[in-house]
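Dear colleague,

I am passing on the structure below, together with some notes on how parts of it pack. Please read them with the coordinates open.

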Amino acid sequence: MIILNPAENSLVSKVERLLSPAAVVGWRRLEPWAVARAELSGSHGSVIVKWMRLHGPGLHRSESWRLRSEVAALGFLSEDLGVRLAARVVAADLAAGLVVLEDLAPRVALDGLLRADGAAAHGERLAAFARVRGELNAVTAGRAEVYYARRAALGAVDRAADCAGRFAGFREEGRLQVAALGVEVAGGAERELAVVLEELEDPGPFLALSNGDPEANNVLVQAAGAPDARVIDFEFAGFTHALHDAVCLYVPGPAWLSVDGGMGAAYRRALAVGVPEAQDDRRFGFGLAAACFSYMLLRLQRLPLVDGRAAGDDSRVQLVATVEAAARVAESFGVLPGLAGWGWRRAEALRRLWPDADVDVAGLPAFAARRR
């Protein structure tokens, strides 16, 4: 029997009850998450164990809600749809706040490879990252009723909040922060913003499952050979506008100063398999620009925090890059001209506010990582 601290010994005992007759012969925490890799006796291999833990205030979803969403989403994919885009649920005790998942090793998180080797060394894996996001959206589009039947069996869920409500407060706060710079949304931009929010609240054919956090740390790939990508971390899963999942291919996410919009083509081809409307430039471009502007407003609610940091902090450059990238997407597809102009104006305001962030972001290599 392995010897751990009392809390982990309790977890091991719960896992062994779920997986009997297999015994846990090895246990390694995957910090900083409430996750561990458990080695099992005999020929049972290894599994990933996730459990609930207490958090402070601020999370908009309870730990119990998140665990149930993950179990529902993974069961929906593997059992209802029969696809292998994510891990299988091996066993779960939701009352005890515990789920045991298939171990996807030797795959590793894509963001770790990018940080270690740079994006140029992993072009094939970046393409796989874009493609698997599109595949997830394509295979789940039109299947919301199946998912929500499974999710409702595990506890109450608010479908409207899944689709558009979860970030509404952050978007409005972003508008207020930018207005303080003297760049209020008005006129044509105001009218376009209303249409953008309507698009995101009623995605039509673009309604699809997302894991809720479409970033490079939540896609696992093989470090060598064929990428064979899988999506992880479905704690915030829900049906929403599919093109929220494409934003990270066009607009810098939390960890990056720049992206490679060329990867969007791989995502779009994969999405079009299940959502033919993605082949329409105008329809796809409008939905993508709407999702990008929504994300930009989400990020702009951090303006006071970023403004309080020392000059030269990467987060300032990143915020400018985020604003400009959203405007660039709208311009490239010939949509939302009012919002595109508004975006360029507020980027200029940020560059004036932070002279240290007045740099040529376009000159950075794709997926240039922020300093930690």
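In what follows, an axis is a line fitted to C-alpha atoms, for helices over the stretch in contact, and angles run from 0 to 180 degrees between N-to-C directions. Please bear in mind that this is a predicted model.

To begin with the helix pair: the axes of helix 12 (residues 314-333) and helix 13 (residues 337-353) approach to within 8 Å, crossing at roughly 160°. Since angles over 145 degrees count as roughly antiparallel, helix 12 is therefore roughly antiparallel to helix 13, and the crossing of the two is left-handed. On the side of helix 12, the contact is formed by V320, V323, E324, A327, R328, A330 and E331, which meet A340, G343, W344, R346, A347, L350 and R351 of helix 13. Sorted by class, this contact between helix 12 and helix 13 comprises eight nonpolar, one polar and five charged residues.

Turning to the sheet, three strands form an open arrangement in the order 6-8-9, with antiparallel pairing. Strand 6 (108-109) and strand 9 (230-231) are the edge strands, each having a single partner strand, so one side of each is left without a neighbour in the sheet. Strand 6 is joined by two bridges to strand 8 (residues 219-221), the two running antiparallel, and A109 lies opposite L220 of strand 8. Helix 4 (residues 123-140) packs on this sheet, where it touches strand 8 and strand 9, and the direction of helix 4 makes about 135° with that of strand 8.

Conventions:
Residues numbered from 1 in each chain as written. Predicted model: local features only at pLDDT ≥ 70, side-chain atom pairs only at ≥ 80, totals over all residues. Heavy atoms only, no water. Helix = DSSP H or I, 4+ residues; strand = E, 2+ residues; numbered from the N terminus. Parallel < 35°, antiparallel > 145°, perpendicular 65-115°, else oblique. Left-handed = near helix turned anticlockwise from the far one by under 90°. Contact = heavy atoms within 4.5 Å. Nonpolar A, V, L, I, M, F, W, Y, C, P; charged D, E, K, R; others polar. Pairing = 2+ DSSP bridges.
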